[in-house]
Amino acid sequence: MDKFPVIAVTGERSASLGRKYTIRFAYHIEMIAQALLDYLRAHSIKHMGIVKTELAYMNGLIDSMKKNLKSDE
């Protein structure tokens, strides 16, 4: 049970679900992925390198970008 207020900066929703005193601040990964794809498209960037990490946030961002790619990208 929560005893004191906590501010969590995380993309993981589970950090604040069901907790009365936890505030979660984060943009949804899908929002950032879409903004990044929009930028890349606006600048006609068709290829980019990605260094795979163990950061769940970055892996989620990349997965979301892949999911929203058009057939010619």
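1. Met-58 is partly exposed, because its relative accessible area is 34%; the classes are buried under 20%, exposed over 50% and partly exposed in between, with a 1.4 Å probe and protein chains only. Met-58 belongs to helix 2, which covers residues 56–67. Helices here are DSSP runs of H or I with at least four residues, strands are runs of E with at least two, and both are numbered from the N terminus.

2. This is a predicted model, in which local features need pLDDT of at least 70, side-chain atom pairs count only at pLDDT 80 or more, and totals for chains, interfaces and linings use all residues. Residues are numbered from 1 along each chain as its sequence is written, and side-chain values use heavy atoms, with hydrogens and water left out.

3. Met-58 is also one of the residues of a nonpolar surface patch, together with Ile-7, Val-9, Ile-23, Phe-25, Tyr-27, Met-31, Leu-55 and Tyr-57. Their accessible area together is about 980 Å², by the Shrake-Rupley method with a 1.4 Å probe and only the protein chains shown as cover. Patch residues have over 30% relative accessible area and no salt bridge, and nonpolar side chains (Val, Leu, Ile, Met, Phe, Trp, Tyr) are joined within 5 Å. A salt bridge would be a side-chain nitrogen of Lys or Arg within 4 Å of a carboxyl oxygen of Asp or Glu. At least two patch residues come from each of strand 1 (6–9), strand 2 (22–25) and helix 2.

4. Tyr-27, in the loop between strand 2 and helix 1, counts as exposed because its relative accessibility is 53%. Leaving aside residues up to four places away in sequence, Tyr-27 touches Ile-32 and Tyr-57; contact means heavy atoms within 4.5 Å. From Tyr-27 to Asn-59, 32 residues apart along the chain, the C-alpha separation is 15 Å.

5. Tyr-21 sits in the loop between strand 1 and strand 2 and is partly exposed, with a relative accessible area of 38%. Its C-alpha atom is 4.7 Å from that of Pro-5, although the two are 16 residues apart in sequence.

6. Ser-44 lies in the loop joining helix 1 (29–42) to helix 2. Phi of Ser-44 is near 55°, a positive value in a residue other than glycine. Ser-44 is classed as exposed because its relative accessibility is 59%.

Conventions:
Patch = residues over 30% accessible without salt bridge, like charges linked within 9 Å, V, L, I, M, F, W, Y side chains within 5 Å.
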